[in-house]
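Work through the exercises below with the sequence and the model open. Each task is followed by a solution in steps.

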Amino acid sequence: MDIRRKIDISKMSAYQWVIVALAAFLNALDGYDVLAMAFTATSVSKEFELTGAQLGWLLSSGLIGMAAGSLLLGPFADRFGRRKILLVAVGINAVGLFLSATANSALELGAWRVITGLGVGGILATVTVITSEYSNVKNRGMAISIYTAGYGVGATLGGMGATQLIPAFGWRSVFLVGGLVTLFAAVLILVILPESVDYYRVRRPKNAEEKLVGIARRIGLKGDVFLGDAPTTTNSSQGSVTQLLGGRYRVSTILLWVSFFVIMFGFYFANSWTPRLLVESGMTEQQGIVGGLMLTMGGTFGSLIYGVLTIRRNARNTLVVFTILAAVLLVVFITTTSIPTLAFLSGVVVGMLINGCVAGLYTVAPQTYAPEVRATGVGWGLGIGRVGAILAPILVGTLLDGGWSPTQLYIGVAVVVALAAFAASRLKPHIDTPLVESATEEPTPAARR
């Protein structure tokens, strides 16, 4: 049987869940990185005497790198292999973190943050695809949600770690620890993670069939497996962004880009600025940190709740509901700061919903494209999303300097997030890709040959 179809309809093995767990750990690196910068922002601002706008640019520097990493490394993953490019991306990430620990000016730190972001962007573009491809149809939404939940875990541990490391060793120690953890992640990839099945099916490098047999054994597939028919679209333009905007994918690509841009804008606004804006609203600095942690803690559960719902419900429709509710709860969160307990509780729900939205995007994005352009499509979706993420801290810092109140900022972002519901509601999966076939569908005679 075609190995792609075999994975889709077979029960997931323990090894496949190990792959998902590793993916979650890699996504935690993103969460650690973003929240490490957010929680070191006060110390960095004091040392380098930064204005709100300057701090906004510094917060966005890593996101600029993430956008570039997703856009540049995604297509390379389609051409040269997801695992190979993932290892390159992890190496770049580690270098950026270690260099960040040596920064002696805001300009230096911003430059090293861009390099760190390049690695994170490449990690997300490749790992999202690998997680989707090694999950069966029934549990794909759940697997992606577990992977996405890693962000909240990394963010929470990063924030908690920062509160202990900064007073004892200074803000630079936060980035040094992140670099060491990233090196450990590289070792795990070398030991555990196989190459993408669909990369072998599409690109057909030397000994591809033999390598697929080995992968099939590792993930516990019984019976004979083979490559299956090669896609008819394999050519020199494979993995090219021009294919994403061609007639076959144009509408879906634009809708996906809009969804990524808007949801990432809201996501990074909440995760980057919440501690500072809560203080501006009258809370203490410690309460501001607690409020930020409430969002990240809630985010972990939100991703998992989204995944559970997709086992029985349509992933796209669930995404639309999460988006609308997230917009509403953003307003509730900022208007209840006079009652800290209520604000913290609503913050948990905001984190749950906004992270569920991200899990939804990560679930539907790979289903939008055929295997030969999947990493390119996901990478560019993530890259466009990072543009929204970049603009959020910069715009908020500028508006804050211009006299906008935290309440006005949250309401404005809520309106922006609500726009994603329309774009997401019109997204449709690419019907020819095996990733969206029925989990119970029996192989056709042609598929058996």
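**Exercise 1. A helix pair**

At what angle do helix α12 (residues 285-310) and helix α13 (residues 315-334) pack, and how far apart are their axes?

Solution. The model is a predicted one.
Step 1: the packing angle of α12 and α13 is about 155 degrees, and the axes are 10 Å apart.
Step 2: angles over 145 degrees count as roughly antiparallel, and α12 and α13 are therefore roughly antiparallel to each other.
Step 3: their crossing is right-handed.
Step 4: on the α12 side the contact uses Leu 295, Gly 302, Ile 305, Tyr 306, Leu 309 and Thr 310, and on the α13 side Ala 315, Thr 318, Leu 319, Phe 322 and Phe 333.
Step 5: by class, the residues of this contact are 8 nonpolar, 3 polar and no charged.

**Exercise 2. The other partner of the contact with α13**

Describe how α13 packs with helix α16 (residues 406-425).

Solution. Step 1: the axes of α13 and α16 come within 8 Å and cross at roughly 170 degrees.
Step 1: the two helices are therefore roughly antiparallel to each other.
Step 2: α13 contributes Arg 316, Leu 319, Val 320, Thr 323, Ile 324, Ala 327, Leu 330, Val 331, Phe 333 and Ile 334, while the α16 residues include Pro 406, Tyr 410, Ala 414, Val 417, Ala 421 and Ser 425.
Step 3: the contact of α13 with α16 has 18 nonpolar, 3 polar and 1 charged residues.

**Exercise 3. α2 against α5**

Is the crossing of α2 and α5 left-handed or right-handed? Begin with the geometry and end with the residue classes.

Solution. Step 1: the axes of α2 and helix α5 (residues 106-133) cross at roughly 160 degrees and come within 10 Å.
Step 1: α2 and α5 are therefore roughly antiparallel to each other.
Step 2: the crossing is left-handed.
Step 3: among the contact residues are Ile 19, Ala 23, Asn 27, Asp 30, Met 37 and Phe 48 of α2, with Leu 109, Arg 113, Val 120, Leu 124 and Ile 130 of α5.
Step 4: the residues of the contact of α2 with α5 divide into 15 nonpolar, 3 polar and 3 charged.

**Exercise 4. The largest pocket**

Which helix gives the most to the lining of the largest pocket? State the volume and the make-up of the lining too.

Solution. Step 1: the volume of the largest pocket is about 540 Å³.
Step 1: its lining has 23 residues, and Ala 38, Phe 39, Thr 42, Glu 285 and Ile 289 lie nearest the centre.
Step 2: at least two lining residues come from each of α2 (14-48), α3 (52-80), α6 (140-169), α11 (250-280) and α12.
Step 3: α2 gives the most, with 7 residues.
Step 4: the classes are 12 nonpolar, 7 polar and 4 charged.

**Exercise 5. Cavities**

Step 1: the largest cavity contains about 70 Å³ of space.
Its lining includes Asn 27, Asp 30, Tyr 151, Tyr 268, Asn 355 and Arg 386.
Two or more lining residues come from each of α2, α6, α11 and α14 (340-367).
By class, this lining has 6 nonpolar, 3 polar and 2 charged residues.
Step 2: the second largest cavity has a volume of about 50 Å³.
Val 34, Met 37, Leu 59, Leu 63, Met 66, Arg 113, Tyr 268 and Ser 272 line the second largest cavity.
Of these, α3 supplies the largest share, 3 residues, and α2, α3 and α11 each supply at least two.

Conventions:
Residues numbered from 1 in each chain as written. Predicted model: local features only at pLDDT ≥ 70, side-chain atom pairs only at ≥ 80, totals over all residues. Heavy atoms only, no water. Axes fitted to C-alpha atoms, helices over the stretch in contact; angles between N-to-C directions. Helix = DSSP H or I, 4+ residues; strand = E, 2+ residues; numbered from the N terminus. Parallel < 35°, antiparallel > 145°, perpendicular 65-115°, else oblique. Left-handed = near helix turned anticlockwise from the far one by under 90°. Contact = heavy atoms within 4.5 Å. Nonpolar A, V, L, I, M, F, W, Y, C, P; charged D, E, K, R; others polar. 1 Å grid on protein atoms, 1.4 Å probe; cavity = no way out; pocket = protein on both sides within 12 Å on 5 of 7 lines; lining within 4 Å. Points joined across faces, edges and corners; volume = space filled by probe spheres on them.
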